[in-house]
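Please find below some notes on the structure you sent. They go from the chain as a whole to single residues.

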Amino acid sequence: MNFRTLMRSAIITTLLCVATLAIGCTVKYSFSGASIPLEAKTVSIPYFPNNAPMVAPTLSSTLTDALQDKFARQTKLQLVPTGGDLAFEGEITNYTSTPAAITANETAAMNRLTITVKVKFTNIYEPQFNYNKSFSSFVEYDANQLLQDVQDSLITDIVDLLVQDIFNAAVANW
């Protein structure tokens, strides 16, 4: 056998192995990193009420809209009001601003806005990935700024972090 015959034989063997594996395996993947059951066609994400002791007026709608938008943009799932193949329920349980860094004269240099969301996720096709847990994220801001003046941009930043965490916990299970 010459070198060409050996190479041709190796290439054919490799292609046969790959073809055999491809026929025998089903792989779920997406460019967003989501691992969603092939049977799943819908997702339901109803309004997340704000039940925190301190309330920001737009927080509930901002969080709900951002989570719905994340699934609309990064999956092929159809958004339905209730009873989705993947279903979320939740509430905002905490919205607090606390000192994060104290100066030498015992005043706050930085404050921290923290938002916590309790989420129940149900996957009817892969129930081993169901969860009921809280997610919390925060952003720090200069203590010389009033929360009311900066909260809209802080909420946007924190909601982005929370939505990514909720999305990953639900469909990035690899």
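What share of the 174 residues of the protein chain count as buried?

1. Overall burial. The model is a predicted one. In it, 34% of the 174 residues of the protein chain count as buried. The chain exposes about 10,600 Å², and carbon and sulfur atoms supply 57% of that area.

2. Layout. The protein chain has three helices and five strands. Read along the sequence, they follow the pattern α-β-α-β-β-β-β-α. Among contacts with a separation of 6 or more, 68% are between residues 24 or more positions apart.

3. Length of helix α2. Helix α2 covers residues 59-74, which is 16 residues.

4. The buried face of α2. The buried residues of this helix are Leu59, Ser60, Leu63, Thr64, Leu67, Lys70 and Phe71. Seen down the axis of α2, they fall within an arc of 130°, and therefore they line one face of the helix.

5. Salt bridge within α2. A search of the whole structure finds two salt bridges. One of them joins the side chains of arginine 73 and aspartate 69, with 2.7 Å from N to O. Both residues lie in helix α2, four residues apart, which is about one turn of the helix. Arginine 73 counts as exposed because its relative accessibility is 56%, over the 50% cut-off. Aspartate 69, at 36%, counts as partly exposed.

6. Salt bridge between strands. The side chains of glutamate 140 and arginine 112 also meet in a salt bridge, at 2.5 Å from N to O. This pair links distant parts of the chain: glutamate 140 is in strand β5 (residues 131-142) and arginine 112 in strand β4, 28 residues apart. Glutamate 140 has a relative accessible area of 34% and is partly exposed. Arginine 112 is partly exposed too, with a relative accessible area of 27%.

7. Is threonine 75 buried or exposed? Its relative accessible area is 11%, so threonine 75 is buried, the cut-off being under 20%. The residue sits in the loop between α2 and β2 (78-80). A polar atom of its side chain lies 2.5 Å from the backbone oxygen of phenylalanine 71. The side chain of threonine 75 also reaches the backbone nitrogen of leucine 77, at 3.2 Å. Leaving aside neighbours within four places in sequence, threonine 75 is in contact with Ile36, Lys70 and Phe167.

8. Serine 97 in β3. Serine 97 lies in strand β3 and, at 29% relative accessibility, counts as partly exposed. Which residues does serine 97 touch, not counting those up to four places away in sequence? They are Asn111, Arg112, Leu113, Tyr141 and Leu147. Arg112 is the arginine that meets glutamate 140 in a salt bridge. With tyrosine 141, serine 97 makes a side-chain to side-chain polar contact of 2.5 Å. Phenylalanine 138 is 41 residues from serine 97 in sequence, and their C-alpha atoms are 9.3 Å apart in space.

9. Asparagine 123 in β4. Asparagine 123 is found in strand β4. With a relative accessible area of 2%, this residue is buried. A polar atom of its side chain lies 2.9 Å from the backbone nitrogen of glutamate 126. Apart from neighbours within four places in sequence, asparagine 123 is in contact with Pro37, Asp85, Leu86 and Asn130.

10. Points to look at on screen. For helix α2, view the model down the axis, where the buried residues fall within an arc of 130°. For the strands, the pair glutamate 140 and arginine 112 shows a link between β5 and β4. For side chains that reach the backbone, the cases described above include threonine 75 with leucine 77 and asparagine 123 with glutamate 126.

Technical notes. Residues numbered from 1 in each chain as written. Predicted model: local features only at pLDDT ≥ 70, side-chain atom pairs only at ≥ 80, totals over all residues. Heavy atoms only, no water. Helix = DSSP H or I, 4+ residues; strand = E, 2+ residues; numbered from the N terminus. Expected span 1.5 Å × (residues − 1). Buried < 20%, exposed > 50% of the residue type's maximum accessible area, 1.4 Å probe, protein only. Arc of directions from axis to C-beta. Salt bridge = Lys/Arg side-chain N within 4 Å of Asp/Glu carboxyl O. Contact = heavy atoms within 4.5 Å. Areas by Shrake-Rupley, 256 points an atom, 1.4 Å probe, with all protein chains shown as cover. Polar contact = N/O pair within 3.5 Å; in protein donor to acceptor, adjacent residues only side chain to side chain.
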